Amino acid sequence: MSYNLLKGKRGIISGALDENSIAWKVAEKAHAEGATFVLTNAPIAMRMGEIKQLAEKTNSQIIPADATNIDDLTNLFTKSQEILGGKVDFVLHSIGMSVNIRKNIPYTELNYEYFAKGIDVSAFSLHKMLSVAKKLDAINEWGSVVALSYIAAQRTYPFYTDMADIKAMLESIARSFGYHYGTDKKVRINTISQSPTKTTAGSGVKGFGDFYEYADKNSPLGNASAESCADFCIALFSDLTKMVTMQNIFHDGGYSSTGASMELMEKFNKA
Ligand SMILES: NC(=O)c1ccc[n+]([C@@H]2O[C@H](COP(=O)([O-])OP(=O)(O)OC[C@H]3O[C@@H](n4cnc5c(N)ncnc54)[C@H](O)[C@@H]3O)[C@@H](O)[C@H]2O)c1
């Protein structure tokens with residue numbers, strides 16, 4: 001069902017790699033809600049065949065950009081405004097990558113070059129996007145920027161290794177930049193802390209399958225799907241959440257407020 005919540009709004013959606021990507025679902029829903037937008041992804045990561053399908057389906061254009069590269073981001077925000085016919089109203093940051101996770105390196109033995117790369121790709125990239133957008137004055141007043149995070153920013157999940165620290169930084173950037181951009185231009189910046197989700201980035205984390213089941217059983221509503229995450233992104237892009245900014249909002253079926261579910265406890269019942 002659609003409500004025309006983004007009618008007339010223009011946006012930039014990063015991170016749609018394949019149809020499992022959270023960003024893919026956001027693009028489909030933003031299109032259904034009446035938005036026009038540009039799709040972007042890293043030139044090397046982009047699976048052209050797949051993203052082209054999404055572009056055709058949503059009547060959008062693709063602008064390749066490495067989110068760690070200021071020139072690429074400047075081109076992205078400049079060209080997007082040309083293509084869309086004005087400043088943008090929403091931006092989705094749906095970018096995450098850790099070489100340490102990919103290579104199964106334990107937290108206490110992190111490779112610092114990989115760590116730095118992970119910080120650049122997954123956290124600095126939000127700062128860089130916002131800094132470029134602000135310099136170009138590319139986002140309309142009351143525009144909304146959403147980045148995706150994970151609860152390991154607040155609590156320890158050993159297998160999430162350096163991404164835990166990186167997500168904590170991402171959330172902090174959303175707050176800090178949210179202050180400045182809010183004061184100067186009334187632009188809103190939030191992070192959504194999403195349930196484990198079966199995507200390329202998610203499934204790359206060691207033991208993801210078991211953990212997915214654990215989180216599902218410890219959430220009164222079950223894990224939130226990529227599709228429901230997309231719904232929440234749309235809500236945050238819309239005018240119905242105009243006074244929400246600098247927040248990290250849990251979108252996790254109640255997981256973050258649950259100590260232990262009866263269902264999980266029963267697994268330990270020895271009687
Ligand atoms: N899947 C989960 O369990 C989960 C849970 C909470 C938060 N998240 C976050 O959601 C976001 C989206 O991930 P996803 O789960 O949809 O997986 P995904 O693998 O589909 O998306 C990650 C995207 O980041 C892009 N990317 C990587 N390096 C880049 C660069 N240098 N420049 C531009 N783009 C780059 C990839 O190409 C890919 O499209 C990430 O921030 C992830 O950490 C995921």
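**Close-up views of a predicted model**

**View 1. How the chain holds together across the sequence.** Take the contacts in the chain with a separation of 6 or more: residues 24 or more positions apart account for 74% of them. Keep in mind that this is a predicted model. The chain has 10 helices and seven strands. Its radius of gyration comes out at 18 Å, close to the 18 Å from the globule rule for 271 residues, so the chain is as compact as a globular protein of that length. Laid along its principal axes, the C-alpha trace spans about 65 × 45 × 40 Å. Of the 271 residues, 45% are buried.

**View 2. The shell around the ligand.** How many residues surround the ligand? There are 27, and the closest are Ser21, Ala45, Gly96, Ala201 and Gly202. Three elements, α1 (22-32), β5 (139-149) and α7 (200-203), each put at least two residues into this shell. Which of them gives the most? That would be α7, with three residues. Sorted by class, the shell holds 13 nonpolar residues, 13 polar ones and one charged residue.

**View 3. Lys52 on helix α2.** Here we zoom in on Lys52, which sits in helix α2 (residues 48-58). For a sense of distance, look across to Phe77, which is 25 residues away from Lys52 along the chain. The C-alpha atoms of the two are separated by 20 Å.

View 4. Asn59 belongs to the loop between α2 and β3 (61-62). Its backbone is worth a look: Asn59 isn't a glycine, yet its phi is positive, at about 55°.

**View 5. Asn4, ahead of the strands.** Where does Asn4 sit? Asn4 is found in the segment before β1 (10-14). Here, too, is a residue other than glycine with a positive phi, this time near 60°. With 11 other C-beta atoms within 10 Å, Asn4 is classed as exposed.

Notes:
Residues numbered from 1 in each chain as written. Predicted model: local features only at pLDDT ≥ 70, side-chain atom pairs only at ≥ 80, totals over all residues. Helix = DSSP H or I, 4+ residues; strand = E, 2+ residues; numbered from the N terminus. Buried ≥ 20, exposed ≤ 12 C-beta atoms within 10 Å, placed from the backbone. Near = placed C-beta within 6 Å. Nonpolar A, V, L, I, M, F, W, Y, C, P; charged D, E, K, R; others polar. Rg over C-alpha atoms; globule rule 2.2 N^0.38 Å. Contact = placed C-beta atoms within 7 Å.
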